Amino acid sequence: MDSMELGVAGLNAKATLRPEDTVRLARLAEELGYRSWWAGDHVVLPSPRTSESPMAPTDPILDPLVHLGYLAAVTERIELATGIVILPQRNPLVLAKQAASLDVLSGGRLTLGVGAGYLEPELTAVGVSLAERGRRTDEYLDAMTALWTSPTPEFHGRFVSFDHVDAHPRPVRPGGVKIVVGGHSPAAFRRAVARGRGWFGNGSGVADLEKHLAGLREAAERVSRPDRLGRLEINWMQLDPVRVSAAEASQYASLGVDRLVVYPLPLEDPAEVAAFLTRHAELV
């Protein structure tokens with residue numbers, strides 16, 4: 001399994017978000033050989049909690065870019081990733097500036113994982129219609145790419161439009177910050193193929209991954225993939241059970257997973273998270 005990397009997600013929330021715990025766990029992950037650290041995103045949460053919400057409204061979660069900026073200063077090698085940021089809730093030009101800034105300060109270590117979101121109360125609270133979230137996501141990705149890569153940035157769409165402006169510094173990579181698209185819908189699969197350097201998914205095991213890989217293959221038959229994006233990278237997070245066995249890791253590797261991301265739920269005790277990271281470090 002030498003070609004599959006190991007990552008960890010979710011540690012910008014709950015009991016692991018204190019500065020001292022972040023430093024200790026991030027340095028431990030780096031020492032153990034984890035290659036990526038994925039931070040989730042919720043600006044607000046439904047209150048009272050709805051069945052769709054992954055967290056209670058009182059569960060603390062740090063802004064992923066602020067969290068990763070702190071992480072960049074206390075680590076040296078680990079890839080810093082949003083897993084994922086809810087793109088239609090963000091101003092794309094402001095996010096492009098934030099992402100480029102973090103990429104420069106971290107020495108090119110940023111991966112921007114994005115998704116369209118699904119919690120209607122959260123989207124509504126920030127002024128975004130649930131029905132428009134997909135079109136906004138596509139436009140925002142194209143607008144950010146133009147701002148990062150064009151010598152004379154310009155974009156004109158329904159939700160964002162600009163010209164005669166520029167933004168520097170540009171990201172470290174010539175093609176802009178690496179974009180990873182999350183989601184399991186046909187639209188998300190098409191977006192990953194057409195606009196992402198990678199795809200980020202999660203589920204309960206190998207069978208779920210196989211189903212989603214089939215969806216990605218179907219999307220690849222329907223939309224073209226720009227040559228500049230290269231091969232679509234596969235990032236997979238097992239959620240239930242959170243403990244990943246060596247046999248499962250081997251199956252994921254055989255299916256072409258580039259990064260296996262573990263999620264040490266329930267995130268109630270930093271010491272238990274550290275033990276979880278240590279146990280899973282031998283998977284790859």
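The model is predicted. H3 spans residues 92-105, and H1 spans residues 19-32.

**Helix H3: length and buried side**
- H3 has 14 residues, which at 1.5 Å a residue should span 20 Å. Its end C-alpha atoms are 20 Å apart, so the model agrees with that expectation.
- Pro92, Leu95, Ala96, Ala99, Ala100, Leu102 and Asp103 of H3 are buried.
- These residues cover an arc of only 165° around the axis, which means that they lie on the same side of H3.
- An α-helix has 3.6 residues a turn, so residues three or four places apart point the same way.
- The cover over the buried residues of H3 includes helix H2 (64-74), strand S4 (110-115) and helix H5 (133-149).

**Helix H3: ends**
- At the start of H3, Asn91 places a side-chain oxygen within 3.0 Å of the backbone nitrogen of Leu93.

**Helix H1: length, packing and end**
- H1 also has its span checked: its 14 residues reach 20 Å from first C-alpha to last, close to the 20 Å expected at 1.5 Å a residue.
- Asp21, Thr22, Val23, Leu25, Ala26, Leu28, Ala29 and Glu30 are buried in H1.
- Those buried residues pack against strand S2 (36-39), H2 and helix H9 (270-280).
- Gly33 follows H1, with a positive phi near 100°.

Key: Residues are numbered from 1 along each chain as its sequence is written. This is a predicted model: local features need pLDDT of at least 70, side-chain atom pairs count only at pLDDT 80 or more; totals for chains, interfaces and linings use all residues. Side-chain values use heavy atoms; hydrogens and water are left out. Helices (H or I, at least four residues) and strands (E, at least two) are DSSP runs, numbered from the N terminus. The expected span of a helix is 1.5 Å times one less than its number of residues. Buried means under 20% relative accessible area, exposed over 50%, partly exposed in between (1.4 Å probe, protein chains only). The arc is that of the directions from the helix axis to the C-beta atoms. Contact means heavy atoms within 4.5 Å. A polar contact is a pair of N or O atoms within 3.5 Å; within protein, one must be able to donate a hydrogen and the other to accept it, and residues adjacent in sequence count only if both atoms are side-chain atoms.
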